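Please read the points with the model open beside them.

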Amino acid sequence: MKKMQLSYKYINLMITVVLFFALFAAGSVLYNGFFSTQVLLNMLIDNAFLIITAIGMTFVLIIGGIDISVGSVIALVCMLSAYLLEIQHLSAIIVIPLMLLMGFLFGLVQGSFIHFFTIQPFIVTLAGMFLARGLCYVISIDTIMITNPFYQFVATYRIPLPFGNFISISVIIALVLVLAALYLSNYTKFGRAVYAIGGNAQSAMLMGLPVGRTKVLVYGLSGFCSALSGVVFSFYMLSGYGLHAMGLEMDAIASAVIGGTPLTGGVGFVTGTLFGVLIQGVIQTLIMFQGTLSSWWTKIAVAFLLCLFIVLQRIVVFRKERTKSIS
Amino acid sequence: MDDAYFLLKAKGICKAFPGVKALNNVEFELKPGEIHCLMGENGAGKSTLIKVLTGVDPLDAGDIFLDGKAIAPKSPHHAQQLGISTVYQEVNLCANLSVAENIFIGREPLRFGSIDWKEMNRRSQELLAKLSLGIDVTQPLERYSVAIQQMVAIARALDISAKVLILDEPTSSLDAQEVEKLFGLMRKLKKQGLGIIFVTHFIEQVYAVSDKITILRNGELVGSYETVNLPRVQLIAKMIGKAFDGFESSCKTLKLDILQESRNNFLRVRGLGHKGSIHPFDLDISKGEVLGLVGLLGSGRTEVARTIFGIDKADSGEIAIEGQTVTIQNPADAIQHGLAYCSENRKTEGIIENLSVRENIILALQAKVGWMKYIPKKRQDEISKKYIELLNIKTAGPEQLIKNLSGGNQQKVILARWLLTEPKLLILDEPTRGIDVGAKVEIQKLILSLAETGMSVVFISSELDESVRCSSRMAVLRDRVKIAEISGDEMEEKYIMQTIAGV
Ligand SMILES: Nc1ncnc2c1ncn2[C@@H]1O[C@H](COP(=O)(O)OP(=O)(O)OP(=O)(O)O)[C@@H](O)[C@H]1O
Ligand SMILES: [Mg+2]
């Protein structure tokens, strides 16, 4: 009985994990060469930046908010780094921390607007989205290639693993962030306050939790994550361009939702988000191996998945309400 | 301790909301080692006083002193740091978190800088054990009933080491045993020198624990009195501002009339049950009868109501209404058959915070006539005015947002909502919770007069005297089984108590 109940909250997460392995297994059966560690690792390499953004997004969703500025912030970070590195000839050691700081501050400002003026997060981050995207074009309307040797090195460096496998530095960054986020959400006062506020902000306030500070910091965290993602994305693309990471915020939200984080707040899993990204990765890979389908089929598949998960969430909530006062 | 020393002192407190002066020049003094009851009718300003003392709402004017030093709490967080720990009216916890987290959040035990879950769970278990509550603390709070949630909120406040403990109607959904446990702990804290502010509408509880009583009426201070020097009648008179006319006189006769008329069976339940919540039970309710459901907390009273009303879909048995077997799959079916259910859980299932009093009252009626049918605004106004008056709802007007009403007045609005639909069977689950003595009697009278007009009522209450007064027959529940029916002369508190306890 107890086990059954426990699983309600985790049902989406479990389905996601199972589905991921099922899809991977299906690919392995269908296509030669699919079943290898490197295919798995490539998914991480290609999606490291998405993992990073989606982690930040997860916290925002848990607190009951939304941040649609993340894609633009990534573009801005790419563009600004390219500009500072190539045109201003600053060193990477200065540029990277600067970008992270900028992202963090950007998030804090958005969070402050949301909290202190009680404006809906959607509106505030929509403004943030336009602002960041617009700023890209103020810097340049063309692509700026990044030739900085440090960036070149990081972009091409492959960390060797046993049996001839390899990963990129970005993957290390993403995985470290996942671990840090796991710790943050489960073992720190800040993390638990995020869950409490997402569950019921009024109660959290009456219980004496620092609601305002936590809220603002969560948006700061999301800003930081998107900046970090921007840095990783510039390693990946080696260029700054105003159209980079178009619509990435939606991918990030989709990853979190597929990973079991509903938009209603109070619930969410960092691990789920990781698998949410990986599921999209596995679908991409499947389509790549299939060869004839266009890559847009990834989006269609994701659309179906989202639909499935939203319906599932409703069912879970519905069943929960029915069994609520059992004790 | 010398007499002039006060732990908490509030002077000249004023607080106005748009349209109401909630507090006007109120004084309040609390000594260490004192249990101080704050009394007053619904909407008198008790909760508002507590909220301004603990920084939830800002003061308009006045000074607060703690331990002789002037303080100005900016938030509950700040008040906690200053040493004031509070349980606010209504359960204010995060249902998505575990029980243990709800007790410890904000001050979790740490180990090497990270939250020590084991320690937290262990200490929560210990704390709840002091309140004789042996629940699984790792489960999310939403799994548990309002009563348990209330206990958890109390446990949280008790554990925050404070100088002042404030409890705003903490006992509204607790049963006698639990209240006794709480009082035991309160007395212990009092010995340790804590000052405790306690708000309740249960007069008996006031006399059981308090040393001092401060009475508010319409936001004004009536006075502070030693409990021993203030007889009950006077307390009530001071609260309502006039002599209190009791209940007994008018209702004894009423009940007899009801009994005579009530041969006409309305609802017939056979073997109805819901696995895990209530064992199959039989129940007959006649037209114009008030059937009381009594039993301890968690004995299955609410579950009986939920199963009849179709919230928990019955997995056995059948229901017949006026001789016809009917299927009730969900609340909508139940409403179709003329049933109405006023839930005990007003915060989550009852009020819609951001709608006005009028809209909240109209809601069920609108559902009954169909959503597409427009009820003229004028009629809506008439109806809401009528019920505001009838139930003496204290509000600036029908257009006031319901969230701005005091707890007791919100309860009255929900009651009005269901009364309005003129159901054939009205199920009332703790309808008088958090309602002041005067209004309680009014509501009880109203229930009886409704029964007189032929409506059947299922009345659930934790207050035995109230059940005895209102019901013409009672069903007793224990451990989710219906164990007995009591009627006639047996309906007398002592006998009922014995039946409930099973001795
Ligand atoms: N936020 C608000 N906006 C407007 N009016 C309010 C607000 N909060 C409280 N009030 C009004 O202030 C008055 C006092 O309310 P309060 O909650 O203090 O009453 P109470 O004594 O606690 O009553 P109860 O016993 O019903 O809990 C009421 O008339 C209420 O309508
Ligand atoms: Mg109150």
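1. Elements around the ligand. In chain B, β2 (20-30), α1 (46-53) and α15 (407-420) each provide at least two residues of the shell around ligand 1. Helices (H or I, at least four residues) and strands (E, at least two) are DSSP runs, numbered from the N terminus.

2. Basis. This is a predicted model, in which local features need pLDDT of at least 70 and side-chain atom pairs count only at pLDDT 80 or more, while totals for chains, interfaces and linings use all residues. Residues are numbered from 1 along each chain as its sequence is written, chains are lettered from A and ligands numbered from 1 in the order in which they are written, and side-chain values use heavy atoms, with hydrogens and water left out.

3. Position between domains. Ligand 1 lies between domain 1 (8-240) and domain 3 (345-422) of chain B, because both give residues to the shell around it. The domain bounds come from an automatic or database domain assignment.

4. The shell. There are 21 residues around ligand 1, and Lys46(B), Ser47(B), Thr48(B), Ser406(B) and Gly408(B) come nearest. A residue is near a molecule if one of its heavy atoms lies within 4 Å of it. By class, the shell holds five nonpolar, 12 polar and four charged residues. Here Ala, Val, Leu, Ile, Met, Phe, Trp, Tyr, Cys and Pro count as nonpolar, Asp, Glu, Lys and Arg as charged, and the others, Gly among them, as polar.

5. Polar contacts of the ligand. Oxygen atoms of ligand 1 lie 2.6 Å from a polar side-chain atom of Ser47(B) and 2.6 Å from an N or O atom in the side chain of Ser406(B). On its own ligand 1 has 640 Å² of accessible area, of which the protein covers 91%. A polar contact is a pair of N or O atoms within 3.5 Å; within protein, one must be able to donate a hydrogen and the other to accept it, and residues adjacent in sequence count only if both atoms are side-chain atoms. Accessible areas come from the Shrake-Rupley method with a 1.4 Å probe; for residues, only the protein chains shown count as cover.

6. Chain B as a whole. Chain B contains 18 helices and 22 strands. Its radius of gyration is 23 Å, close to the 23 Å that the globule rule gives for 503 residues, so chain B is as compact as a globular protein of that length. The radius is taken over C-alpha atoms, and the rule is 2.2 Å times the number of residues to the power 0.38. Of the 503 residues in chain B, 57% are buried. Buried means under 20% relative accessible area, exposed over 50%, partly exposed in between (1.4 Å probe, protein chains only).

7. Chain A. Chain A has 13 helices and four strands, and 53% of its 327 residues count as buried. Its C-alpha trace spans about 65 × 55 × 35 Å along the principal axes.

8. Lys440(B) sits in helix α16 (residues 437-452) and is buried at 7% relative accessibility; its side chain makes a polar contact with that of Glu463(B) (3.3 Å). Arg469(B), in helix α17 (residues 464-470), is buried at 18%, and its side chain makes a polar contact with that of Gln444(B) (3.2 Å).
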